[in-house]
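Please look over the sequence and the 3D structure shown below before reading on. The report that follows goes through the chains, the contact between them and a few single residues.

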Amino acid sequence: MSGTEAHRLIQSLRRQFLLATVTRVTLLSVVGLGFVLGTLWQAHFQRGSELMWSAASLAAIAWLTLTFYSVRQIRVAHQASAFIASGRLDLAEERLKNALRKFSLYRNGKLLACHHLAVVAHGRKSYRAAAELCDGMISLPGGPLVATRRTCRILLADCRLFLGDVLAASRAIAPLRLDGADLGLAEQLLLLPIELRCQIAAEQYEEAARALPWKLKRAELLDAPRAALVHALLAQAARKTGKGPVADFLQRRAELYHDLDDLAEEYPALRDLAPRARSADNK
Amino acid sequence: MQQIEAEQIDQRFAATTARAWPRQGRYALVMLAAAAVILPAWVGGQSGQTTGLLILIPWSILAALLVAGWLAARRQRRSRQNITQAWEMAQLENWADAEQCLDLGMGGPIRSPSDRWQSFMLLATLLERDGRHDLAAHVHVRLLLERIGDGYQLQQTQLALTMAKLRNEELTDAVRLLDQLERLPMPLTLRAVYSLIRLYQQVFMGHHLDAVENMNEQQSLFRRFLSTRAGYGYGLLAASLHHLGRNVEAAKLWLDATTLIRPEKLVEEYPPLASLRGQYPAMEHPI
C-alpha cells in the first residue's frame, strides 16, 4: 500500500462520513416528521396522514437495513484483526480496504477498519502509508474514540521516526503524558520506547533519564527486543548524563535481552551504543 | 488475599456464567421490536384509527429494549475495564489493588470467555501468591473442564496447572502432565514456558544431569521468548550446574539471572535457588 493510496482512502473516508451524516439526519427527520404529522393530520387530512406513516415506516426500515449492513462491516474489521494476529497481513489488508470502500451509516466501524489498516501497513513496513492513515484519522472532524486516537498518535510517531522525521514524531505524541493517569499500562508500554527514541534522537538525555525506576519497571514487562531497546536507550541517556555505573548495568541487561547489533540495524539511535556493547560482551 | 475456599470459587464460576442467548433469538427479538413499532403505525395509518395508546405501546417496548441493551453493554464494559485494570495492577505487582479490581470485575456474569478466563487465571495467581496452590489448581481444573478460553488460553491453563501441582508437591501428577504436554504441538512462546516448568521439576527432583542436557538450546529459547522471566531459567540452570560442581558456569549464569531479577525475588519464586545465594556473586542493582 502506497502513501498516495492511503491519502486517497482518507479523502474518500471524509466524503463517506459527510454522506453518512446527511443520510442519518434525513432518515431521522423523515421518521420524526412522519410520526408527528401522521398523528396530527389523521383527523382532517386522511391521505396526507397515510403518506406520512408510509414515509416514516420506510425510513425506519431503511435505517434498520443500513444498521445491519454497518454491523457487518464492524465484523469484517474484527475478522481482519484475527488475520493480523495470525500474521496474514495480505488478507487483512484486502478485507479492510474493501470494508473502507463500502457505505456505512456509522463512523465507528469505518474508523476501526481504518485503524486496523494502519496497523497492517505499519506491520508491512509501509510507514508512509501508515502515517497518512493515522494522520488522516486524527485530523478527521470528530475523529476516532479517545483510546483509538491515542494509539493512532503512538503509531504515527513510530512511523515518523522510521521515516526520519523526529520533530513530527515528537509533535504526534506531545499530547500524551507517559506517566499520566489517562494512559493504561498497555498504552504506556507502547509509548515508552517511542518517547525514548524521540528524546534520544533530539538529544534530550536528561529528560530520557528521568524517573528511571518507573521506566525500568515497565521495560521489564516488554517483549525481549523492545525491552532490550528501552534498556539500551536508557543506558545511552544515563551515560550522557554522567551516570556511568547505571549505564553499564542497563547496557548489560540490554545485552541479556537481545542482540544489540540486530537492533542497531533497525533503530539508528542505537548505532552509537552497539560497539560498546560488543566490547562489554567480550570482557 | 481474603480467605477463600473451593466452594466460594465454585460460586464465582456460577456467578460469572453468562446466560447464552442463541444468535437467532437475538435477531428475532430485534425484528420483533421493529415490527412492533412499524406494523401498528402502518395499520393505524391505513385504517385511520390510530390512537395515542396504539402508537405509544410499541415505541415504549422498543425504548425499554434499547435501554436494557445499553445497560447490559455498559455492565460488560465496566466488568472488562475492572478485569483489565486488575491484570495491569498484577503485572506491576500491586497485589492489593489487583484483588480489589478483580472482585469488582467478577461481580456479575462475564459474557466474553476470554475475559472470564483472564479473571480466573488472575484469581489463581493471587491464590498462588498466598501459597494456596491446591485452590489455584482447582481453578485451573475448572477452567479446563468447562473449556473457558480459546485454544491458546487453554494450553496456558494446562501449563499453569502443572506448575501449581509442582508447587503443591503433587509430583506424580505434575510429571504426568508434563509428559502429556511434551507431546502436544504448541507455539514457541508456550514451549519456552513449558521448558521453564520442566526445568523446575528437574531441579526440584534433583535430576540435574537431565536439566543441563540441552542447556544452550534452553537458554536461547528463554532469552527469545521469556524476556525478563528468562532470569528464572538462568537461575535454575545455575542451580543444576552448582549441584554438578560446574561452578564457573554456575557463577556466570547466576550473575545473568540476578542481572535480570533481584536474588530475593528469584528465591521467592523458586525456593531451590536459595542454595545459590551467598555462594556466588550477584549483580548489584544500582536503580
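## Chain B as a whole

Of the 287 residues in chain B, 36% are buried, where a residue counts as buried if 20 or more other C-beta atoms lie within 10 Å of its own, as exposed if 12 or fewer do, and as partly exposed in between, with the C-beta atoms placed from the backbone. This is a predicted model, in which local features need pLDDT of at least 70 and side-chain atom pairs count only at pLDDT 80 or more, while totals for chains, interfaces and linings use all residues. Residues are numbered from 1 along each chain as its sequence is written, and chains are lettered from A and ligands numbered from 1 in the order in which they are written.

Chain B has 14 helices and 0 strands, with helices (H or I, at least four residues) and strands (E, at least two) taken as DSSP runs and numbered from the N terminus. Starting at the N terminus, its elements run α-α-α-α-α-α-α-α-α-α-α-α-α-α. Two residues are said to be in contact if their C-beta atoms, placed from the backbone, lie within 7 Å; among the contacts in chain B between residues at least 6 apart in sequence, 59% join residues at least 24 apart.

## Confidence of the prediction

The average pLDDT of chain B is 89, and 86% of the residues score at least 70; pLDDT is the predictor's confidence in each residue, on a scale from 0 to 100. For the complex, the predictor gives an ipTM of 0.86 and a pTM of 0.85.

## Chain A as a whole

Chain A has 14 helices and 0 strands, and along the sequence these follow the pattern α-α-α-α-α-α-α-α-α-α-α-α-α-α. The radius of gyration of chain A is 25 Å, well over the 19 Å that the globule rule gives for 283 residues, so chain A is more spread out than a compact globule. Here the radius of gyration is taken over C-alpha atoms, and the globule rule is 2.2 Å times the number of residues to the power 0.38. Along its principal axes, the C-alpha trace of chain A spans about 95 × 35 × 30 Å.

Of the 283 residues in chain A, 43% count as buried. Among its contacts between residues at least 6 apart in sequence, 60% join residues at least 24 apart.

## Where the chains touch

The contact takes 22 residues from chain B and 32 residues from chain A. On the side of chain B that touches chain A, the elements that give two or more residues are α2 (23-47), α3 (52-91), α11 (215-225) and α13 (247-260) of chain B, and the largest share, 7 residues, comes from α2(B). The residues of this side divide into 10 nonpolar, 8 polar and 4 charged, where Ala, Val, Leu, Ile, Met, Phe, Trp, Tyr, Cys and Pro count as nonpolar, Asp, Glu, Lys and Arg as charged, and the others, Gly among them, as polar.

The helix α13(B) has 14 residues, which at 1.5 Å a residue should span 20 Å, and this agrees with its end C-alpha atoms, which are 20 Å apart; the expected span of a helix is 1.5 Å times one less than its number of residues. The buried residues of α13(B) include Ala250(B), Leu253(B) and Trp254(B). Its buried residues pack against α12 (244-257) of chain A, together with α12 (230-243) and α14 (263-269) of chain B.

## Two loop residues with positive phi

Most residues other than glycine have a negative phi, and most peptide bonds are trans. Glu203(A), however, has a positive phi of about 60 degrees although it is not a glycine. Glu203(A) is found in the loop between α8 (185-201) and α9 (205-208) of chain A, and counts as exposed because it has 12 C-beta neighbours inside 10 Å.

Ser227(B) also has a positive phi, near 50 degrees, in a residue other than glycine. Ser227(B) lies in the loop between α11 and α12 of chain B, and is buried, with 23 other C-beta atoms within 10 Å.

## Two arginines of chain A

Arg153(A) has its place in helix α6 (residues 146-162) of chain A, and counts as buried because it has 24 C-beta neighbours inside 10 Å. Leaving aside its neighbours within four places in sequence, Arg153(A) is in contact with residues including Ile138(A), Ala172(A) and Leu176(A).

Arg24(A) belongs to helix α1 (residues 3-41) of chain A, and with 14 C-beta neighbours inside 10 Å it counts as partly exposed. The C-alpha atoms of Arg24(A) and Arg197(A), which are 173 residues apart along the chain, are separated by 44 Å.
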